[in-house]
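Work through the two exercises below with the structure open beside you, and try each task yourself before you read its solution.

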Amino acid sequence: MTSPAIHISDLHKSYEDTVALKGVNLTIQDGEFYGLLGPNGAGKTTTIHILTGLVLKNSGVTEIYGKDTVKDFRFTRSQIGIAHQELPIDWFFPIEKLLYFHAGYYGISKHKAKPRVEELLERLGLKDKRTSRLRQLSGGMKRRYQLAKSLVHDPKIIILDEPTAGVDVELRHELWDYLRELHKNGKTILLTTHYIEEAELLCERVGIIDRGQIIKEGSPKDLTKELGKAGINIHMTGWCEELNKALSSFSFTYDDNRLHVTVKEPEADMAKIIQILSHHHCHILNVSVEKSSLEDVFLHLTGKGIN
Ligand code: ADP
């Protein structure tokens, strides 16, 4: 069996008097799109900085394709491209030059890097800005540059720390489309986020992290099914006493012509509920569905919201 792209076991890290990681366990298979979802301060950045050699761990296993990230740092770092939250300090260079520098760190000559740099400038809408210095770019352009930089050596694993924090809605959707495309082309992607929507829309699997530990993992669909609370709201007339019994397998409230039923899977339960109401000659005026989200899951697990 091939080794997973990323394997972390019992990872611990403290900064002076702050315990940042209390035994993180995480395995991501090659080609997976994984989201580390948690509030600020949960330990997301620390985890990925340890993986990429920017922060020293206290203890635990961190491996990339079965190789230790400390002992085999050359190999493991060559497999990863990281887009940080914060910008590097290369403020005074034109971004095209910076991309060539970055390829050079991985032993790729300017000649060899050229097609890749051109492709990234084009694909990320940076072509017109190639001679602009990093400090002259807008916030959105800086984000695009960060992504281009993480991809210039064509890594197998892409790690993105809050890739869309603070960007406008249009750019967020553009970046999401690009990440989906990278994933479709076989890249393994690990992103950290505190945006529920980002995790739900992009990730095949999500790890919910809080106070230095991953407290739950699963696909967004399975997690919301298991721990979320969805509901069906029905505006209706013709309520009768017998419905209390007929609907007794559901958890529901009825008041002022409005029936609210708490369900796990609205799609599956809706037909059953409507059938029962029709059978009792009720008149349905309106039906709406409240979907549960990973926010509900987080709330259920920790008793607080993510944001
Ligand atoms: P997240 O990325 O989920 O917001 P971080 O990994 O940045 O979380 O932080 C986890 C905890 O470690 C927080 O309490 C944070 O304040 C602390 N921390 C992070 N980096 C440092 C550092 N360099 N020195 C001291 N404490 C830090």
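This is a predicted model: local features need pLDDT of at least 70, side-chain atom pairs count only at pLDDT 80 or more; totals for chains, interfaces and linings use all residues.

**Exercise 1.** Find out which residues of helix α10 are buried, and explain why they lie on the same side of α10.

*Solution.* Begin with the extent of the helix: α10 runs over residues 266–279, and its 14 residues reach 20 Å from the first C-alpha to the last, close to the 20 Å expected at 1.5 Å a residue. Next, pick out the residues with under 20% relative accessible area, which in α10 are P266, D269, I273, I276 and L277. Because these residues cover an arc of only 95° around the axis, they are placed on the same side of α10. Now turn to the face that points away from this buried side, where you will find the exposed residues E267, A271, Q275 and H279. Then look for the partners of the buried residues, which pack against β11 (230–237), α9 (242–246), β13 (258–263) and β14 (283–290). Finally, follow the chain just past the end of α10, where H281 takes a positive phi of about 60°.

**Exercise 2.** Determine which residues have the most contacts inside the largest nonpolar core, and trace the contacts of L179.

*Solution.* The largest nonpolar core has 45 residues, and those with the most contacts inside it are L147, L160, L179, V206 and L294. Helix α6 (residues 169–184) gives the most to this core, contributing six residues. For L179, set aside the neighbours within four places in sequence; the contacts that remain are with F33, L147, L160, I189, L191 and L202. A second, separate core has 25 residues, among them I6, I48, I80 and I157.

Notes
Residues are numbered from 1 along each chain as its sequence is written. Side-chain values use heavy atoms; hydrogens and water are left out. Helices (H or I, at least four residues) and strands (E, at least two) are DSSP runs, numbered from the N terminus. The expected span of a helix is 1.5 Å times one less than its number of residues. Buried means under 20% relative accessible area, exposed over 50%, partly exposed in between (1.4 Å probe, protein chains only). The arc is that of the directions from the helix axis to the C-beta atoms. Contact means heavy atoms within 4.5 Å. A nonpolar core is a set of buried Ala, Val, Leu, Ile, Met, Phe, Trp, Tyr and Cys residues joined through side-chain atoms within 4.5 Å.
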